[in-house]
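My notes follow in the order I took them.

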Amino acid sequence: MNFPKKSLLTVPTKLDALNQVLSWFDSNRQPLIPQKDWLQCQLALAEAFTNAVRHAHKGLSEDTPIDLEVLLYPTSIELRIWDCGAPFDLENRIETLDRQPNEHCGGGRGLILMDRIADRLSYRRVDEQRNCLVLVKTFEIENA
């Protein structure tokens, strides 16, 4: 296989597009990627996508696109999610969140979860109108 293996998807700002996002992600699965790591990335992707819809695109048209990309390398998975919302300081937000959130709190658990899953997590403004969340998960190849 040539690396990176790359796949792109664009979906509207709708929570019901999550099934399409997860199906697309699963269609990129490679047999040597450990199941545990794949499932963790799937969970992080679901959290990132729903955060883009609920928070970054709050008040925007459902036609506003959310672009997604998965890059598969020999020992890592890289997820990228672009949104059109206002930028924010992800690192600072994660630092200020309670690491043991109350199960009745109004949010923040998704960011903590993504931070725990990722070996590298960043969120940056990439142009005048878009931000990009990048999540990288490394893994060891399972025996064939």
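Predicted model: local features only at pLDDT ≥ 70, side-chain atom pairs only at ≥ 80, totals over all residues.

I listed its contacts beyond four places in sequence and found Val53, His57, Ser61, Glu62, Thr64 and Ile66. I then placed threonine 13 in the loop between strand E1 (5-12) and helix H1 (18-26). Its relative accessible area is 6%, under the 20% cut-off, so I noted threonine 13 as buried.

Next I turned to the helix pair. The axes of H1 and helix H2 (residues 35-56) come within 10 Å and cross at roughly 150 degrees. I noted the crossing as right-handed. H1 contributes Leu18, Val21, Leu22, Trp24, Phe25 and Asp26 to the contact, and H2 contributes Trp38, Cys41, Gln42, Leu45, Ala46, Phe49 and Thr50. I recorded these contact residues as 10 nonpolar, 2 polar and 1 charged.

Last, I checked leucine 68, which sits in strand E2 (residues 65-73). Is leucine 68 buried or exposed? I found it buried, with a relative accessible area of 1%. Its contacts beyond four places in sequence include Val21, Trp24 and Leu45, residues I had already listed in the contact of H1 with H2. Tryptophan 82 is also in contact with leucine 68; the two are 14 residues apart in sequence, with 6.4 Å from C-alpha to C-alpha.

Note on methods
Residues numbered from 1 in each chain as written. Heavy atoms only, no water. Helix = DSSP H or I, 4+ residues; strand = E, 2+ residues; numbered from the N terminus. Buried < 20%, exposed > 50% of the residue type's maximum accessible area, 1.4 Å probe, protein only. Contact = heavy atoms within 4.5 Å. Axes fitted to C-alpha atoms, helices over the stretch in contact; angles between N-to-C directions. Left-handed = near helix turned anticlockwise from the far one by under 90°. Nonpolar A, V, L, I, M, F, W, Y, C, P; charged D, E, K, R; others polar.
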